[in-house]
Amino acid sequence: MKIRSVDIYILDIPTVRPHQLAMHTIVEQSIVVGRIINDEGLEGWSEVATIGGASYGEGTPEAIKANIDKYITPHLIGKDPIYYSNIMFEISKAVRGNYFAKAVVETAMIDLLAKSKNIPAYELLGGKIHDSLPLAWTLASGDTVKDIEEAKEFLRQKRHKIFKLKIGKGDPYKNVDHVIKIIAAVGDQARITVDVNQAWDETTANYCIEALQEGGVSMVEQPLPTWNVEGMARLTERFKVPIMADESANSVQEIYQITKHRFGNSIALKPCKHGGLIETKKVAAIAEGAGFGLYGGTMIESSLGTAVCASVYATIPEFEFGTELFGPMLFKDRITVKDIQFNNFEIVIPDGPGFGMEIDLEKVKHYSREYSYSLN
Ligand code: MUC
Ligand code: MG
């Protein structure tokens, strides 16, 4: 089989409520969707999500598309995706960084290859260990009362019993208070974690983590900016509560350094930031070797990108912190015919050929910025 074409689309899909992070409030989530077609007309699809343009990280949707179109697609045309690892190795020599872009093309090749063999993609990744995985929700409405109502409702529905609170925006001390109120309201039934998204300096982190640890928080994600790895090491040494590296944990080399010098003691995985599914497995292996706890992270993907993440997480032995693949529940609409299934506080790993998701082309056209110019 040979790759005939590669199409990249940017889609903007509204969310069910504003989702407030340290650097940006999401009301419309921008995803990048890839489609690779082979010489028999069979299609492989993939998705990565981005947050807040260039405010969360370097992987903007526009840059992902532009760099795939100009620098990566020429390495794909005419190639057989059965050799996807070799193709990605060749791309790694020609294109530096660009992890999100690499994840888009690698996962579309894996989807295509798995569909051509009529097997689920996880079978190309070692086979699944889990049929379902624990699923956290992020309380990030920006309002304590609404967050408590949301948490109680999801506990009642048996949707989530792990809640992550986004506390990087605004006054850190008020935010600690917000967390303590939520623990008082639902802490007896749920595990509460926080994500600071790099917003604190070390002095603030020392004060706030002390109070959060005392208050019963069970994990603190990326409290310091990515450059402050020594500060992360000091926090890890000082506190009992696990300190998780997220934005600072991208390439295999970065993860090796984090584990070696304990710039944190747990890692949030995200296939997009590692540059694909094979790299995600490598990163997970480094973390496992170092005895680090893993978290199945998200960039808030829709159902397609969530299926991609779930398929690789299903092949990884242990997630001490569960996963946060709640993306589809935050989107107002989806671009796949069926939705991801959630059951009894867990996400169900999708089955079926490829990533187990059939694309709704009309929806892709509807939300695509390129608006169907080459969709047919
Ligand atoms: C992040 O930094 O982890 C994941 C969940 C969420 O609410 O935001 C994302 C990004
Ligand atoms: Mg995070």
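Modeller: A residue is buried under 20% relative accessible area, exposed over 50%, and partly exposed in between (1.4 Å probe, protein chains only). R262 has 41% relative accessibility, so it counts as partly exposed.

Biologist: What kind of model is this?

Modeller: It is a predicted model, in which local features need pLDDT of at least 70 and side-chain atom pairs count only at pLDDT 80 or more, while totals for chains, interfaces and linings use all residues. Residues are numbered from 1 along each chain as written, chains are lettered from A and ligands numbered from 1 in written order, and side-chain values use heavy atoms, without hydrogens or water.

Biologist: Back to R262. Where does R262 lie?

Modeller: Helices (H or I, at least four residues) and strands (E, at least two) are DSSP runs, numbered from the N terminus. R262 sits in the loop between α8 and β10 (266–269).

Biologist: How do I read a phi angle there?

Modeller: Most residues other than glycine have a negative phi. R262 has a positive one, near 55°. F345 is also a residue other than glycine with a positive phi, near 70°. F345 belongs to the loop between β12 (342–343) and β13 (346–348).

Biologist: Is F345 buried or exposed?

Modeller: F345 counts as buried because its relative accessibility is 14%. Now look at W227, in the loop between β8 and α7 (229–238). At 66% relative accessibility, W227 counts as exposed. Its C-alpha atom is 7.7 Å from that of S248, 21 residues apart along the chain.

Biologist: What about V16?

Modeller: V16 is in strand β1 (residues 3–20). At 48%, V16 counts as partly exposed. V16 and A94 are 78 residues apart along the chain, and their C-alpha atoms are separated by 40 Å.

Biologist: How many residues of helix α11 are buried?

Modeller: Eleven of the eleven residues in α11 (residues 303–313) are buried. Among them are S303, A307 and Y313.

Biologist: Which residues hold donors for the magnesium ion?

Modeller: Donors are N, O and S atoms within 2.8 Å of the metal (3.2 Å for Na, K and Ca); water is not among the atoms, so sites may look incomplete. Here the magnesium ion is ligand 2, and its protein donors come from D195 (OD), E221 (OE) and D246 (OD), at 2.0 to 2.2 Å. Their spacing in sequence is D-x25-E-x24-D. E221 lies in strand β8 (residues 220–221), and D246 in the loop between β9 (243–245) and α8 (252–261), so this pair ties together parts 25 residues apart in sequence. E221 and D246 are both buried.

Biologist: Which residues come nearest to ligand 1?

Modeller: A residue is near a molecule if one of its heavy atoms lies within 4 Å of it. Ligand 1 has 16 residues around it, and H19, Y56, K164, N197 and D246 come nearest.

Biologist: Which side chains make polar contacts with ligand 1?

Modeller: A polar contact is a pair of N or O atoms within 3.5 Å. In the side chain of K164, an N or O atom is 3.0 Å from an oxygen atom of ligand 1. E221 places a polar side-chain atom 3.2 Å from an oxygen atom of ligand 1. For D246, the distance from a polar side-chain atom to an oxygen atom of ligand 1 is 3.1 Å.

Biologist: How much of ligand 1 does the protein bury?

Modeller: Accessible areas come from the Shrake-Rupley method with a 1.4 Å probe. Ligand 1 exposes 280 Å² taken alone, and the protein buries 100% of that.

Definitions and conventions: Polar contact = N/O pair within 3.5 Å; in protein donor to acceptor, adjacent residues only side chain to side chain.
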